[in-house]
Structures are given as C-alpha cells and as structure tokens.
Amino acid sequence: MPLHVLVLGGTTEARRLAERLVATDGIRVTSSLAGRVARPKLPPGEVRVGGFGGAEGMAGWLRAHHVDAVIDATHPFAGTISFNAASAAAAVHVPLLAVRRPGWVPVEGDRWHVTGSLAGAAELLPELGARAFLTTGRMGLAAFAALDSLWFLMRSVDAPDAPRPARMEVLLDRGPFSLEGERELIRRHRIDVLVTKDSGGDATAPKLTAAREAGIPVVVVGRPPVPPGVPVAGTPDEALALLRALLSPSASRPGNSGSAPPRSPSPATASTSPATGARTRYSS
C-alpha cells in the first residue's frame, strides 16, 4: 500500500509539492482546498474541496482515509486551519510539517509600517494616505468598511462580499504580477498608500518595489505564528526532505511514543535543510 499524504493546499507551493509527490513512487497524495476561490488551479493527484468541520472533523477524516502524514501548505495567513491540523495530527498520531515561503523584509528606500492585524492597518491608514491600494484579499474587508474618507483600489481573485468600504473599485485579477503592471496601477489610480499582508514569495512582490519607486508608504500586516512544535520547510523540495525524515523508521512520532514506526517513502530530492524562519529580500 502506498503512503497516503494529505496536503492542505491552495498555494503555489502546495501545487508544486503535489506535483513532486505524485511523481514519487510509493506515495498517494490528496490535496485539500478550502473552496473559497471559484475557479482554483487544481493540483495533480486526488483533490477534495471544503472544510473538515474543525480539528475533530479533520482527525476523523485522517483516520477514515488512512493518512500517513499531513503537510500544511496553506497560505501564511490561513491560521485557523493550521492550528486545526496540529490538533488533528496529534490526535491520530501522524507526523505534520508546514511549508511557509520566506517572508519579505524591507530594503533601503522602503517606508514600511508593520502591524499585527487588518484592524491595525485600518487604524494607520488615515494618517498615511487618501487613496489606498488594498491587496489583502477579499476576506476581512470589514476592517476597512468605516473609512469613508478614503478611496480604495481593492484587488482579489473573486469579487468581495459586504461589509466593504463605500468608496472602492474592485480589480479582479490573479498573480503573478509584473513590476511594470504594478507601476501603472499606482500611477493611473494615483495611489498614495499600499496595504498588504506579508505573504512572501515572488508572485506579488513587485508591488513593493513599485511602491518604493513611487515613494509611497506601505502598511504591512505581519503573519500569524505556525503552531508550536510543527517543523517548517521553506520550499517544496525542503518539505520533501523533511517528510522523508519524519517518516523514517527512526523518527519519533509526536504523541505516539512506543508505537510501530511508519513506512519509509521512496527517496526525495533536496539539497538544503528545512527553513528556520529565513526571509526573502526582494528587489527590482
């Protein structure tokens, strides 16, 4: 029987990881998508869509489908599912690891204002600008709904629901985005402040360079933490190497001391060790 790996996905890293797992002998992969995007890019392998019903529901799914390991490759800001996964994996005694792309760090010339929440971002905005480019996604718009004095350009994959700011133009688009395109959006809409989450990666980083070139401030919402004790990889290749280590016969399984060791998968290729909080420096 092949090893069954559940990938909690919805990100580019999750799709790339599913591609590598599908191509690895002795592994069966199921990718789970939250279902919040109308037309998601489906990864190879088996796919399920929708929630699990909390940590208890996920634990039941892991048991029923004989899952051998869980990889949390969700968006860095999908905090609830990450903690549910940690609880569920511990309950059924299967290894769990997380994949988190390195976050961004400011470079010379940036005017960053870092906050811990969307509500914190909304508090900062009135002092920083009047025309905001909002790139935090369609969820959480309620935090900005009361800012009637500001105008927003809001970009997301799908149309947002209420509550939302009264003065807002919606741009439906999916990354990756080019630097020239981001420059043009800032120029055409006379943007004087950018709001973003520290999602990391290259696909949406050009907006930071464009903001720096335009000399406008950037409100950056920091990431929620990964659940304590969950090992973290920075790339799909690192995740495969870490998965192999966690499933090796000598590896201990959290909450399951003394149990029989899991089966070992076929070798996975990786040349670097798992990431430990490394961050990406972006540039034009």
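Visitor: Is Arg174 buried, partly exposed or exposed, and how does one decide?

Guide: One compares the relative accessible area with two cut-offs: under 20% is buried, over 50% is exposed, and values in between are partly exposed. In this predicted model, Arg174 has a relative accessible area of 34%, so the residue is partly exposed.

Visitor: Where is Arg174 placed?

Guide: Arg174 belongs to the loop between β10 (168–172) and α5. Its C-alpha atom is separated by 7.0 Å from that of Ser156, although the two residues are 18 residues apart along the chain.

Visitor: At what angle do helix α5 and helix α6 pack?

Guide: The angle is read between the axes of the helices. For α5 (residues 179–188) and α6 (residues 206–214), it is about 50°, and the axes are 8 Å apart. The two helices are therefore oblique to each other, and their crossing is right-handed.

Visitor: How many residues of α6 are buried?

Guide: Here the cut-off of under 20% applies to each residue. Seven of the nine residues of α6 are buried, so that the helix is mostly covered. Among them are Pro206, Leu208, Ala210 and Arg212. After α6 comes Gly215, with a positive phi near 75°.

Visitor: Which residues make the nonpolar surface patch?

Guide: Leu42, Val47 and Val49 make this patch of about 270 Å². Val49 lies in strand β3 (residues 46–49). With a relative accessible area of 54%, Val49 is exposed, because its value is over 50%.

How values were computed. Residues numbered from 1 in each chain as written. Predicted model: local features only at pLDDT ≥ 70, side-chain atom pairs only at ≥ 80, totals over all residues. Heavy atoms only, no water. Patch = residues over 30% accessible without salt bridge, like charges linked within 9 Å, V, L, I, M, F, W, Y side chains within 5 Å. Areas by Shrake-Rupley, 256 points an atom, 1.4 Å probe, with all protein chains shown as cover. Salt bridge = Lys/Arg side-chain N within 4 Å of Asp/Glu carboxyl O. Helix = DSSP H or I, 4+ residues; strand = E, 2+ residues; numbered from the N terminus. Buried < 20%, exposed > 50% of the residue type's maximum accessible area, 1.4 Å probe, protein only. Axes fitted to C-alpha atoms, helices over the stretch in contact; angles between N-to-C directions. Parallel < 35°, antiparallel > 145°, perpendicular 65-115°, else oblique. Left-handed = near helix turned anticlockwise from the far one by under 90°.
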